[in-house]
Amino acid sequence: MANYLGLGFDAPEVKLSFESHFQFDYNYMFRNNETELYDAYLHADKLWDIVSIDAGRQFWNVGFEAAMVDGLRFYITPPGYIDIDLFGGILRSAETGDFKNDGGLDSGINFNLKNVLYTNASVGMSWRKIKLDRTHYNRNDSVLARASASHGFSLKGLNPYVYGIFEYDASGKTVDTATVGTTLYPHWRLSFNLEGSYLNENRSLGRVTVLTFFANDRILQGRAGVTVKIIDPLSFIGNYSYQQYKPKAGLFTRTNIADIGFKSSIPDIGLTAH
């Protein structure tokens with residue numbers, strides 16, 4: 001049996017808050033239990049009006065990966081057009097479902113564009129170590145550089161939104177992520193999306209991820225999708241994807257994936273989600 005518990009407090013007068021989430025698993029057959037700590041972090045908001053801090057076990061999305069980390073993160077938001085994101089901590093291997101193992105050090109910096117109409121952009125870099133007590137460029141240490149950008153155009157009849165992301169592993173000399181796509185809005189009820197992606201990883205590191213666990217080489221993917229708003233807030237969605245990848249054992253495999261479904265948005269009912 002799995003049980004979940006969340007705890008938190010908020011002290012806005014001193015700009016501090018705390019949040020934590022647990023999972024308790026109890027096996028009645030073997031009469032044992034196991035506890036997973038998902039997050040437990042202290043948040044300081046807008047100190048000196050420009051600095052926010054998260055300290056403790058937290059879930060963060062740095063670059064194009066999501067991870068559970070025991071660490072420290074600073075958000076520096078001065079006036080103007082650039083925000084700065086500084087971070088460092090010990091990865092807890094959330095991608096492989098193990099929160100107890102030491103996944104190595106992850107540290108770096110991001111520069112994020114702001115206050116530019118219809119535009120988002122970010123550049124950054126990270127330094128990662130698999131074993132903290134070892135130093136070996138490409139086999140234990142890696143340096144990643146990344147960039148992302150998106151922009152919406154106001155063109156009558158289409159109103160295109162274009163986006164792209166890119167991440168390069170300088171130590172392994174591999175392109176980890178390269179994605180470019182566009183969404184077109186010819187009508188308020190209708191939108192089309194086209195996207196192409198290239199995914200890979202430096203396997204010299206020996207780091208276990210979802211990609212390295214299932215594939216031996218790069219993944220190529222193309223996707224097309226359509227969204228039709230039937231009645232507010234109900235929409236129909238349909239997607240088609242083509243993938244080419246090399247499984248752990250075997251030659252390159254080509255896969256065609258199609259899915260359809262419906263989605264609905266819930267109007268504002270006064271609840272706050274975290």
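Analyst: Start with exposure. Buried means under 20% relative accessible area, exposed means over 50%, and partly exposed lies in between. Keep in mind that this is a predicted model.

User: Is Y81 buried or exposed?

Analyst: Y81 is exposed, because its relative accessible area is 52%. Y81 sits in the loop between β5 and β6.

User: Now the interior. What is the general idea behind a nonpolar core?

Analyst: In soluble globular proteins, nonpolar side chains tend to be buried together. In this model, the largest nonpolar core has 6 residues: W60, V62, A67, V69, F87 and L91. Strands β4 (51-62), β5 (65-76) and β6 (82-91) each give two or more residues to this core.

User: What does F87 touch beyond its sequence neighbours?

Analyst: Leaving out residues up to four places away, F87 touches W60 and V62, among others. Its contacts also include L72, R73, D106, I109, M125, S126 and R146.

User: Where is S126, and is S126 buried or exposed?

Analyst: S126 is in strand β8 (residues 119-129). S126 counts as buried because its relative accessible area is 1%. The side chains of S126 and R146 are joined by a polar contact of 2.8 Å. Beyond four places in sequence, S126 touches residues including V62, F87, S142, V143 and L144.

User: What about charged pairs?

Analyst: Side chains of opposite charge can pair when their charged atoms come close. A search of the whole structure finds 8 salt bridges. One of them joins K114 and D83, with the closest N and O atoms 2.7 Å apart. This pair links distant parts of the chain. K114 is in the loop between β7 (105-113) and β8, D83 is in strand β6, and the two are 31 residues apart.

User: Are K114 and D83 buried or exposed?

Analyst: K114 is buried, because its relative accessible area is 18%. D83 counts as buried too, with a relative accessibility of 18%. The cut-off matters here: buried means under 20%.

User: Which salt bridge does K129 form?

Analyst: The side chain of K129 meets that of D141, at 3.0 Å from N to O. K129 lies in strand β8 and D141 in strand β9 (residues 141-152), so the pair ties together parts that are 12 residues apart in sequence. Both K129 and D141 are buried.

User: Which residue pairs with R223?

Analyst: R223 forms a salt bridge with E195, at 3.8 Å from N to O. R223 is in strand β13 (residues 219-231) and E195 in strand β12 (residues 190-199), 28 residues apart. R223 counts as partly exposed, because its relative accessibility is 25%.

User: How far is the C-alpha atom of A121 from that of G164?

Analyst: The two C-alpha atoms are separated by 9.5 Å. Along the chain, A121 and G164 are 43 residues apart.

Technical notes:
Residues are numbered from 1 along each chain as its sequence is written. This is a predicted model: local features need pLDDT of at least 70, side-chain atom pairs count only at pLDDT 80 or more; totals for chains, interfaces and linings use all residues. Side-chain values use heavy atoms; hydrogens and water are left out. A nonpolar core is a set of buried Ala, Val, Leu, Ile, Met, Phe, Trp, Tyr and Cys residues joined through side-chain atoms within 4.5 Å. Buried means under 20% relative accessible area, exposed over 50%, partly exposed in between (1.4 Å probe, protein chains only). Helices (H or I, at least four residues) and strands (E, at least two) are DSSP runs, numbered from the N terminus. Contact means heavy atoms within 4.5 Å. A polar contact is a pair of N or O atoms within 3.5 Å; within protein, one must be able to donate a hydrogen and the other to accept it, and residues adjacent in sequence count only if both atoms are side-chain atoms. A salt bridge is a side-chain nitrogen of Lys or Arg within 4 Å of a carboxyl oxygen of Asp or Glu.
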